[in-house]
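Please find my notes on this model below.

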Amino acid sequence: MSAGCTPPRAARGFTLIELLIALTLMTLLSAVLFGSLRMAGKSWDAGDAKAETTANMRLAEQFLHTQLEEQHPQRMKRIIDFPLLFGGDATQMQYAASLPARVQGGGVWLYRLRVAQDGYKSQLVLDRMVPEIAAATMPEFAAPETSGLADGVREIKLQYYGRDDGADLAMDPTWRDRWDSHQTLPLEIRIDVT
């Protein structure tokens with residue numbers, strides 16, 4: 001060999017084992033990245049669904065709050081003692097209130113708040129009908145119009161705060177699970193939703 005010549009170097013490259021290890025690592029990293037993106041997408045969708053449910057419940061709450069505040073003390077004119085169109089127990093409540101003029105011409109309607117079951121689904125609903133205030137009997141919800149207020153509501157618990165008919169005003173009002181008075185309206189109504 002001459003003094004100025006350098007020996008030829010071996011060609012540099014990857015061995016088959018190194019290439020397989022690199023591809024395996026890249027596959028594992030891709031799988032982890034895909035799983036992370038998929039989990040993030042599911043979390044995003046779940047967050048959107050929860051936000052929509054919360055917004056719907058807030059709208060239902062605002063609607064009921066406004067409507068119950070504007071409750072109308074409608075009386076039945078042909079029944080002795082002129083009873084009020086109001087009553088309720090722990091699971092449903094009937095009351096009279098105005099329907100906004102923009103909806104079917106307005107007027108005083110009779111409403112029933114309850115939870116409706118349909119198989120595995122349950123929904124907070126509001127039934128409504130025009131009461132016949134000149135009737136000789138209290139109205140019944142035979143074929144009401146029904147509006148869904150909120151989906152996924154399993155049950156409601158209603159409580160009424162007030163005094164019995166003819167009770168002394170010095171007597172403290174109490175909370176009760178049933179309102180049977182046909183002469184007075186409750187002072188407050190509590191609605192717990194599950």
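1. Glu 145 is partly exposed at 33% relative accessibility, where partly exposed lies between buried (under 20% relative accessible area) and exposed (over 50%), with a 1.4 Å probe and protein chains only. The model is predicted: local features need pLDDT of at least 70, side-chain atom pairs count only at pLDDT 80 or more, and totals for chains, interfaces and linings use all residues. Residues are numbered from 1 along each chain as its sequence is written, and side-chain values use heavy atoms, with hydrogens and water left out.

2. Glu 145 forms a salt bridge with Arg 128, with the closest N and O atoms 3.2 Å apart; the term means a side-chain nitrogen of Lys or Arg within 4 Å of a carboxyl oxygen of Asp or Glu. This pair links distant parts of the chain, Arg 128 being in strand E4 and Glu 145 in strand E5 (residues 145-151), 17 residues apart. Strands (E, at least two residues) and helices (H or I, at least four) are DSSP runs, numbered from the N terminus. Arg 128 is buried, at 16% relative accessible area.

3. Arg 114 and Asp 127 also meet in a salt bridge, at 2.5 Å from N to O. Asp 127 is buried, with a relative accessible area of 0%, while Arg 114 is partly exposed at 22%.

4. How many salt bridges does the structure hold? There are six. One of them joins Arg 178 and Asp 89 (3.9 Å, N to O). Arg 178 sits in the loop between strands E7 (174-176) and E8 (188-193), and Asp 89 in the loop between strands E1 (86-88) and E2 (93-98), 89 residues apart. Both are partly exposed, Arg 178 at 46% and Asp 89 at 21%.

5. A patch of negative charge on the surface gathers Asp 45, Asp 48, Glu 52 and Asp 151. Patches take residues with over 30% relative accessible area and no salt bridge, like charges being joined within 9 Å. Helix H1 (residues 16-69) gives the most to it, with three residues. Glu 52 lies in helix H1 and is exposed at 53% relative accessibility.

6. Gln 67 is likewise found in helix H1, but this residue is buried, at 6%. Beyond its neighbours within four places in sequence, Gln 67 is in contact (heavy atoms within 4.5 Å) with Tyr 95, Ala 97, Ser 98, Tyr 111 and Leu 126.

Technical notes:
Patches are made of residues with over 30% relative accessible area and no salt bridge: like charges are joined within 9 Å, nonpolar side chains (Val, Leu, Ile, Met, Phe, Trp, Tyr) within 5 Å. Accessible areas come from the Shrake-Rupley method with a 1.4 Å probe; for residues, only the protein chains shown count as cover. Lys and Arg count as positive and Asp and Glu as negative; His and the chain ends are not counted. The place of a charge is taken as NZ of Lys, CZ of Arg, CG of Asp or CD of Glu.
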